[in-house]
Amino acid sequence: MTRIIHSALLLLWAVAATGGAADKPDPAKWIEEAEAACDSVASYTAVVHKQQRVAGKLLPEETIFLKFKKPFSLYMKWIEAPYKGSELLYVAGWNENRVRAHRGGFWRFITRNLDPRDPELMASNLRPVTDIGIGQLVKTVAVNVRTAINADELGFSERGEESVYGRNTRIVELVFPKDGSGGYEGRRFVINQDVQSKILVRIRVYDRDDQLVENYGYENLDLDAGFSDADIDPAHSDYRF
């Protein structure tokens, strides 16, 4: 009888251990699911909330209406201060791979063609405009996650659920070495992933001093926008190029 009880306890322990392993978060699987979800989206619209710390200063949040179409075409219009009325258009392979853009307000009549990394565009940005969008967001996260997995130094945890922009999201926190080794783009990422679509809808990046460095959110995300090439044409009647 004692032997039977002992065997039963060992079996229960094995089942519990297996269940615990199965429930352990798997960062490799998680990022693969996020990439697959994004790969299935051909075009979308969103209101982008963007905030960055440039040269040590946290800049005001920018609110931008975005249209995006694969392989890489985007239209952006700033709909709130400080750059309200500004517009930008970029299509890979068009316009000598230059951005067509104009400021709002008094300067709205002056349209310019600039390289995405032109110093004027980069003066108040950490990243070029070609890094905008949900696809670039998941790509950036994936590079950091896989580098840390390979180096066996990724902290990966789930922080419950949260409503963001009217969506039920899963909170995931990624932590990288505090000494700044490995070339990671931050010490800590806090990510909101839409539970239903698996799309990453918000990311906040913190440095080694736990200061917010980058914050990007995608509100009113329409993954079935289905617009045509006319929507990214500078001659569009709604645009002011």
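How much space lies in the second largest pocket? About 250 Å³. A pocket here is an open set of points on a 1 Å grid over the protein atoms alone, where a 1.4 Å probe fits, with protein on both sides within 12 Å along at least five of seven lines. Volume is the space filled by probe spheres set on the points, joined across faces, edges and corners.

Ground rules. This is a predicted model: local features need pLDDT of at least 70, side-chain atom pairs need 80 or more, and totals for chains, interfaces and linings use all residues. Numbering runs from 1 along each chain as its sequence is written, and side-chain values use heavy atoms, without hydrogens or water.

Back to that pocket. It has 18 lining residues, meaning an atom within 4 Å of a point. Nearest its centre are Cys38, Asp39, Lys70, Gly135 and Gln136. Helix α4 gives the most, 6 residues. Helices are DSSP runs of H or I, at least four residues, numbered from the N terminus.

Now the largest pocket. Its volume is about 680 Å³. Of its 38 lining residues, Lys50, Trp78, Leu88, Leu121 and Asn125 are closest to the centre. Again α4 supplies the largest share, 4 residues.

Last, the core. The largest nonpolar core has 45 residues. That means buried Ala, Val, Leu, Ile, Met, Phe, Trp, Tyr and Cys joined through side-chain atoms within 4.5 Å, with buried being under 20% relative accessible area for a 1.4 Å probe, protein chains only. Trp30, Leu74 and Tyr218 are among those with the most contacts inside it. Helix α4, residues 134-150, brings the largest share, 7 residues.

Notes: Buried means under 20% relative accessible area, exposed over 50%, partly exposed in between (1.4 Å probe, protein chains only). Helices (H or I, at least four residues) and strands (E, at least two) are DSSP runs, numbered from the N terminus.
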